[in-house]
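Hi,

Here is the structure for you to look over. My notes follow below it.

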Amino acid sequence: MSGYTYNAQPIRLARTGTPGLWGSVDLAPFRRFIRLGTTGADTELREIVQFAGPWVESKCSTTLAEDTLELEVDTDKLCSTDVDGNTYIELPFGPVSGVTSVAWDGGSETSLTLDTKSKPERVMKPTTVPADATTLTVTYTAGHSAWSDLSGQEQFAVMVAVSHFWQNREAVSNPAMAAVPFMMAYALSAIDRRPLG
């Protein structure tokens, strides 16, 4: 994360859902993209799609396949405040589609204000959080439930990743072992959500 930490603290994040997108996505667009004429290699292609999708997500600090995430934050380190004095909690690995709850030891709040106009998306710290609450757990949903919901740039990044893994391309050239610039870098940069540190 380039030395950057969300909410002025190390990220403590757990993915608690079971993304089904990569196991159920139609393989026809991938076959066309890598120029496969038959369905004979669909088993191997499905395995590569199931690897490439999460790989793109990790490289771009994003969530493409819908998943439930739990973020734990220390309240004393939250530093994103607006002019009205409202404190916000930044939600990494978006795009965030909804926030289920903000919980603390002894309570929780489910009526929440999600700001999707900012990047990263953020949720307002509830006014019901007691002053002595030291840690909050934010449960939220990020990503998309269907392949068609991904933007063209997101689909392209996954397809380029599948193509490169299918062709077993190397990212370096011999004998100098220098990095080879290839389309992957451009495809990933278009959807990269990593903050600058």
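This is a predicted model. Start with helix α3, residues 42-60. The helix has 19 residues and reaches 26 Å from its first C-alpha to its last. That is close to the 27 Å expected at 1.5 Å a residue. Seen down the axis of α3, the buried residues fall within an arc of 165 degrees, so they line one face of the helix. They are Asp42, Leu45, Arg46, Ile48, Val49, Ala52, Gly53, Val56, Glu57 and Cys60. Their packing partners are α1 (21-24), α2 (28-33), α4 (152-167) and α5 (183-189). Ser61 follows α3, and its phi is positive, near 50 degrees.

Next, the sheet. It is open and has 5 strands, in the order β1-β2-β9-β5-β6. The pairing is antiparallel. β1 (12-15) and β6 (107-109) stand at the edges. Each has a single partner strand, so one side of each is left without a neighbour in the sheet. Neighbouring strands are turned by 20 degrees against each other on average, direction ignored.

Now to β1 and β2. They run antiparallel, and 4 bridges join them. Arg12 has Glu72 as its bridge partner in β2. The side chain of Arg12 also makes a polar contact with the side chain of Asp74, at 3.1 Å.

Asp74 is in strand β2, residues 67-74. Is Asp74 buried or exposed? Its relative accessibility is 17%, so Asp74 counts as buried. Leaving aside residues up to four places away in sequence, Asp74 touches Gln9, Arg12, Thr134 and Thr135.

Best wishes

Methods:
Residues are numbered from 1 along each chain as its sequence is written. This is a predicted model: local features need pLDDT of at least 70, side-chain atom pairs count only at pLDDT 80 or more; totals for chains, interfaces and linings use all residues. Side-chain values use heavy atoms; hydrogens and water are left out. Helices (H or I, at least four residues) and strands (E, at least two) are DSSP runs, numbered from the N terminus. Buried means under 20% relative accessible area, exposed over 50%, partly exposed in between (1.4 Å probe, protein chains only). A polar contact is a pair of N or O atoms within 3.5 Å; within protein, one must be able to donate a hydrogen and the other to accept it, and residues adjacent in sequence count only if both atoms are side-chain atoms. Contact means heavy atoms within 4.5 Å. The expected span of a helix is 1.5 Å times one less than its number of residues. The arc is that of the directions from the helix axis to the C-beta atoms. Two strands pair if DSSP finds at least two bridges between them. Axes are lines fitted to C-alpha atoms, for helices over the stretch in contact, and angles run from 0 to 180 degrees between N-to-C directions.
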